[in-house]
Amino acid sequence: MTNLARSTDPSTSHEAAAHIEAKLGELQYNALLAVKKHPGKTALELEQADGVMRSTYGRRMTELRRKGYIVEVDKRRCSVSGRSACTWRLSFTGWGLFGA
């Protein structure tokens, strides 16, 4: 797994990273971080914003929702596909993973 905290980050960031790392796989973590950075986006919009391959985050959204870390915000036309799609944001539990 990639480092979730930089060597220059404070010790609290390293503690939070270790806590998250223990609960999520790398792809789930990356998807969760994308939702944190870009709330209200669809999975395809998140993938485009992060420059990752299509379908990387789509399945992770379902997994993260089942774990209670994200919630569906709305359904709207996706700017990438032009089709109706769910948008996402962190849940209170999801924010708790980041110590917020």
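1. Glu 45 is buried, at a relative accessible area of 6% (buried is under 20% relative accessible area, exposed is over 50%, and partly exposed lies in between, with a 1.4 Å probe and protein chains only). Glu 45 forms a salt bridge with Arg 76, with 2.6 Å between the closest N and O atoms (a salt bridge needs a side-chain nitrogen of Lys or Arg within 4 Å of a carboxyl oxygen of Asp or Glu). This pair links distant parts of the chain, Glu 45 being in helix α3 and Arg 76 in strand β1, 31 residues apart. Arg 76 counts as partly exposed, at 29% relative accessibility.

2. The model is a predicted one, in which local features need pLDDT of at least 70 and side-chain atom pairs count only at pLDDT 80 or more, whereas totals for chains, interfaces and linings use all residues. Residues are numbered from 1 along each chain as its sequence is written, and side-chain values use heavy atoms, with hydrogens and water left out.

3. The protein has 5 helices and 2 strands, in the order α-α-α-α-β-β-α along the sequence. Both kinds of element are DSSP runs numbered from the N terminus, helices being H or I of at least four residues and strands E of at least two.

4. The count of salt bridges comes to 3. One of them joins Lys 37 to Asp 50, where the closest N and O atoms are 3.5 Å apart. Lys 37 belongs to helix α2 (residues 26-37) and Asp 50 to helix α3, so the pair ties together parts 13 residues apart in sequence. Asp 50 is partly exposed, with 25% relative accessibility.

5. Another salt bridge is that of Arg 60 with Glu 63, whose closest N and O atoms are 2.9 Å apart. Both residues lie in helix α4, 3 residues apart, which is about one turn of the helix. Arg 60 counts as buried at 14% relative accessibility, while Glu 63 counts as partly exposed at 27%.

6. Strands β1 (residues 70-77) and β2 (residues 84-90) run antiparallel and are joined by 7 bridges; two strands pair if DSSP finds at least two bridges between them. Ile 70 stands opposite Leu 90 in β2. The two strands form a hairpin with 6 residues between them, and Gly 82 in the turn has a positive phi of about 80°.

7. A backbone point to check is Ser 55, which is not a glycine but has a positive phi of about 75°. Ser 55 is in the loop between α3 (43-50) and α4 (58-67). With a relative accessible area of 55%, Ser 55 is exposed.

8. On aromatic residues, the count of aromatic pairs comes to 0 (rings of Phe, Tyr and Trp, the last by its six-membered ring, pair if their centres lie within 6.5 Å; planes under 30 degrees apart are stacked, over 60 edge-to-face, and the rest tilted). The charged end of Lys 36 sits over the ring of Phe 98, 4.6 Å from the ring centre; the rule asks for NZ of Lys or CZ of Arg within 6 Å of the ring centre and within 35 degrees of the ring normal.

9. For the chain overall, buried residues make up 33% of the 100 residues. Of the contacts (heavy atoms within 4.5 Å) with a separation of 6 or more, 52% are between residues 24 or more positions apart. The accessible surface comes to about 6200 Å², and carbon and sulfur atoms account for 48% of that surface.

Technical notes. Accessible areas come from the Shrake-Rupley method with a 1.4 Å probe; for residues, only the protein chains shown count as cover.
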